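Here are a few notes to read alongside the model, meant for someone meeting it for the first time. Keep the view open and follow the points in order.

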Amino acid sequence: MPVFEYVARDGSGAAVRGRAHAEDVRDLASLLRRRGLFLTSAEPRGSGSRERFALRPTELANFAHHMAVLLGAGLTVFSALEALEEHAEEESLQRFSRALREEVERGASLSQALTSTAEGLPQGFVGVVQSGEVTGRLDVAFQRLSAYLERELEFRRRVREALTYPAVVLASAVLVVGVFLTYVVPAFERVYGGAGAELPPLTRAVMSASRAARSLLLPLGAAVVPLVLVPAVRRRAGRQVWAVLEPLVERLPKVGKLVRIARAARFLHSLGHSLASGVPLLSALPAAARAAGKPGWSDVLLGQVERGGRLTDTLRGLPGFPSVAVRLVGLGEESGHVGDMALRAAEVLDREFELQVKRLLTALEPALTVALAAVVGVLLLALYLPIFGLGRAVLRH
């Protein structure tokens, strides 16, 4: 991706110089606008061949935590990066800190260094750092980023724990059905074919399914291996599958409500941390929309707010946005503390999400067990029905 050196103006009209990766000048202008800057000139500077880093979520959370501690202790940005480079346990974090330090040494600000060095950062990350640079409180900015990233990690951990039992049951069901269709059913099919027995409709259906499963075995195996062994492929496939399934999942009575609560909580966490760190509302809203997985919300939110509408009214118009969160954000608008109230609303939604997950799993666990038993029972019934028929025929003779 090309690198541009740009000159922009902030909200007060002050000139801001920097360097950023963008597809073209229009993309650069859009990127800067999300940070509250307005592009005045830009010059391409090569193709951006420097190494770029994509830290794992745990590594990024550690980076934000260490920077908050080091900057809070009075170290300069350069010294903090140097200390992190020397003492970080993860090699990837050491290399990331070294690359940032070298950019800062060349005269770039930390937010500019992050833009040119890091990729895959959470939405709004650079904006919060940039606001910390403007206010002179980078340590506070990194404290907020650390809290936000740790909350995201905790959220993912809770979701994984909640899905462990259903995933194990479903994996067991797939394994059992796969063994039946690829090994057990063909053996019975050969026996019944040699006996010349007339098969019941259920047995014929199961045998047709077995033949289809065996014909798809190699293509499915070739598709599953990259998903298991290559994380990038797995993430890309997961995003594509979720984009297709999300509208269907949202229509499910209980699960759809969980998805809407989780999405709103992520939106409010991102919005609250950005506003509390000094990021302008017009820059915080697009980042929060993308953090929630709904970039389409950005145009709706910006359009209403830029025309002078209240944020509360805009949120109320978003499909499925929880009313309790809208009321709390409304209180924040009236008191002038939208960021704090957005964070409080996000905490309320976090607790509701956890409670709803527990209730859903309480009903789901026995249902999955019964469903697995029913599937196995149907397969066994389909395989043994012809035997019962042969037994009755022998008795009649």
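1. Helices here are DSSP runs of H or I with at least four residues, and strands are runs of E with at least two, numbered from the N terminus. A word on the basis: this is a predicted model, in which local features need pLDDT of at least 70, side-chain atom pairs count only at pLDDT 80 or more, and totals for chains, interfaces and linings use all residues. Residues are numbered from 1 along each chain as its sequence is written, and side-chain values use heavy atoms, with hydrogens and water left out.

2. Helix 4 itself covers residues 91-105. Buried means under 20% relative accessible area, exposed over 50%, and partly exposed in between (1.4 Å probe, protein chains only).

3. Have a look at R101, which takes part in a salt bridge with E85 at 2.7 Å, N to O. A salt bridge puts a side-chain nitrogen of Lys or Arg within 4 Å of a carboxyl oxygen of Asp or Glu. This pair links distant parts of the chain, since E85 sits in helix 3 (residues 77-87) and R101 in helix 4, 16 residues apart. E85 is buried, at 15% relative accessible area, and R101 is buried too, at 13%.

4. R101 also meets E105 in a salt bridge, at 3.7 Å, N to O. The two are four residues apart in helix 4, so about one helical turn separates them. E105 is exposed, with a relative accessible area of 54%. In total, the structure holds 16 salt bridges.

5. Now for the nonpolar cores, sets of buried Ala, Val, Leu, Ile, Met, Phe, Trp, Tyr and Cys residues joined through side-chain atoms within 4.5 Å. The largest has 72 residues, and F63, L110, F142, F267, L268 and F321 have the most contacts inside it. Another core, of eleven residues, lies apart from it and includes V185, F188, A382 and L383.

6. Finally, V357 belongs to helix 16 (residues 338-396) and counts as buried at 13% relative accessibility. Leaving aside residues up to four places away in sequence, V357 touches A162 and L258, where contact means heavy atoms within 4.5 Å.

Notes: Expected span 1.5 Å × (residues − 1).
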